[in-house]
Amino acid sequence: MEKKVVIVGGGIIGLSCAYYLSQDGHQVTLIDRGKIDSGCSFGNAGMIVPSHVIPLAAPGMISQGMRWMLNSKSPFYVKPRLNKELISWGKNFYRSANEQHVNRSMPALRDLSLLSKQLYQDLAKHSAEIAYEEKGLLMLFQSDKVGEEETHAGEIVKSLGLEVDFLSKEEVQQLESGSKVNAIGGVHFKSDAHLYPHKLMQFLLESCRKNGVEFKEETEVESIKVENGKIQSISTSSETIVGDEYVIAGGSWSSDLAKQLGIKLSLLAGKGYSFTLMNPSERPIIPSILCEGKVAVTPMGKDLRFGGTMEITHVRDTKINQKRLQGIVETANSFYPEMDIQFPKKENQWYGFRPCSPDGLPYIGRSIKISNAIIATGHAMMGLSLGPATGSIVSSIIAEKEAQVNIERFHPDRRF
Ligand SMILES: Cc1cc2nc3c(=O)[nH]c(=O)nc-3n(C[C@H](O)[C@H](O)[C@H](O)COP(=O)(O)OP(=O)(O)OC[C@H]3O[C@@H](n4cnc5c(N)ncnc54)[C@H](O)[C@@H]3O)c2cc1C
């Protein structure tokens with residue numbers, strides 16, 4: 001049955017929902033407070049990562065995080081605040097960072113990721129522009145200790161049925177023919193892929209427009225009217241919008257939106273940075289993570305993007321920390337010693353907020369509190385990767401069909 005669906009948020013998650021819902025014949029309105037050409041879904045590293053089956057909340061993360069907190073150039077930081085949300089998020093993270101949680105979550109994340117990759121393969125057939133490529137993801141390391149950790153992670157991923165190669169220093173250089181690499185070895189996740197996020201977003205936007213999606217850009221949702229366990233309408237500064245179903249895909253701002261529905265969504269912003277070299281004369285050809293500095297490197301068409309850092313903070317903290325950006329540049333130069341990567345000019349520095357749940361899993365599903373609201377957020381470092389799967393599952397939920405994969409672990413009302 002055709003429904004009127006209102007989506008809040010025009011990042012990769014909101015746009016993917018709009019894409020699949022409009023294809024299924026629904027009448028879709030998408031609201032975003034900004035123009036749909038900026039934000040977290042544009043400057044990210046563009047990696048599609050079925051290999052990322054181990055959620056952020058995992059054993060060892062707390063002690064590693066503590067060590068990183070002491071280094072001003074490190075890839076991880078929690079901005080200390082005496083704030084109820086941060087304390088509760090921290091407690092939930094602590095409760096989730098155990099082996100049982102990891103073991104239960106891995107198959108669910110793998111299945112969601114593989115569904116998304118399959119959908120990306122379909123999308124790539126409609127647009128060469130998005131520069132979708134399947135070259136895998138190379139985890140590069142410079143020390144034995146990190147090498148052991150990465151090899152262990154690689155073995156776990158392999159045991160879940162994904163293709164993984166363990167490479168020596170020489171094998172790394174053979175695979176990475178674009179640039180000299182300073183690493184003692186690598187783990188190659190062959191199931192992974194990558195694309196150009198900006199081009200993907202443009203493709204989705206144009207396809208949605210063709211499918212009749214109505215976009216309300218530069219329009220902020222100010223209040224949501226709830227009665228009898230149902231959303232009745234959404235009010236912006238200029239109008240009141242009524243739908244049959246509502247999708248909350250507001251990224252790092254989703255907990256504020258959920259609060260208006262009486263739903264407590266534990267979610268914090270994980271700020272990260274990137275910069276892009278346009279058409280550099282030399283560049284690596286395989287997407288890689290430079291493990292010691294957790295820097296992501298992605299060839300995108302002719303360009304090359306470096307991204308990294310995870311600063312757990314709040315959405316008003318929009319400052320770009322120059323020291324941490326310097327950390328990204330130093331890591332990149334240390335792994336690619338012949339590239340001479342320069343510190344990016346102010347106008348080329350980008351930041352985005354990853355919407356981070358405390359257990360490292362997204363929130364996808366209907367809350368039992370509000371019968372016509374679907375929550376789709378909390379994808380943290382994997383929003384691009386999991387976008388199409390999330391969009392297509394939201395469309396199934398609205399059609400009252402069974403989701404394509406098991407989404408029990410992603411329930412928005414779950415306890416930690
Ligand atoms: C440096 C970096 C590298 C990354 N690399 C990767 C990667 O390689 N692969 C990957 O899968 N992921 C990656 N990510 C993560 C990915 O970018 C995010 O998970 C994803 O963009 C989140 O998408 P979203 O749609 O949930 O949120 P967003 O893109 O933030 O979109 C949410 C939208 O909701 C709107 N909104 C919120 N509240 C309101 C309101 N009240 N009224 C109107 N509009 C509202 C906002 O304006 C915003 O446009 C990376 C992130 C960073 C920072």
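**A buried serine, a helix pair and a pocket**

Serine 385 is buried, with a relative accessible area of 1% (buried means under 20%, with a 1.4 Å probe and protein chains only). The model is predicted, so local features need pLDDT of at least 70 and side-chain atom pairs count only at pLDDT 80 or more, while totals for chains, interfaces and linings use all residues. Residues are numbered from 1 along each chain as its sequence is written, and side-chain values use heavy atoms, without hydrogens and water. Serine 385 sits in helix H10, residues 383-398 (helices are DSSP runs of H or I, at least four residues, numbered from the N terminus). Beyond its neighbours within four places in sequence, serine 385 is in contact with Met47, Ile48, Val49, Ser116 and Tyr120 (contact means heavy atoms within 4.5 Å).

Turning to a helix pair, H1 (residues 12-23) packs with H7 (residues 197-210) at an angle of about 35°, the axes being 9 Å apart (axes are lines fitted to C-alpha atoms over the stretch in contact, and angles run from 0 to 180 degrees between N-to-C directions). H1 contributes Ile12, Leu15, Ser16, Ala18 and Tyr19 to the contact, and H7 contributes Leu200, Met201, Leu204, Leu205, Ser207 and Cys208. By class, nine of these residues are nonpolar, two are polar and none is charged (Ala, Val, Leu, Ile, Met, Phe, Trp, Tyr, Cys and Pro count as nonpolar, Asp, Glu, Lys and Arg as charged, and the others as polar).

The lining of the second largest pocket comprises nine nonpolar, four polar and nine charged residues (a pocket is an open set of points on a 1 Å grid over the protein atoms alone, where a 1.4 Å probe fits, with protein on both sides within 12 Å along at least five of seven lines; lining residues have an atom within 4 Å of a point). Helix H3 gives the most to this lining, with six residues.

Definitions and conventions: Helices (H or I, at least four residues) and strands (E, at least two) are DSSP runs, numbered from the N terminus. Buried means under 20% relative accessible area, exposed over 50%, partly exposed in between (1.4 Å probe, protein chains only).
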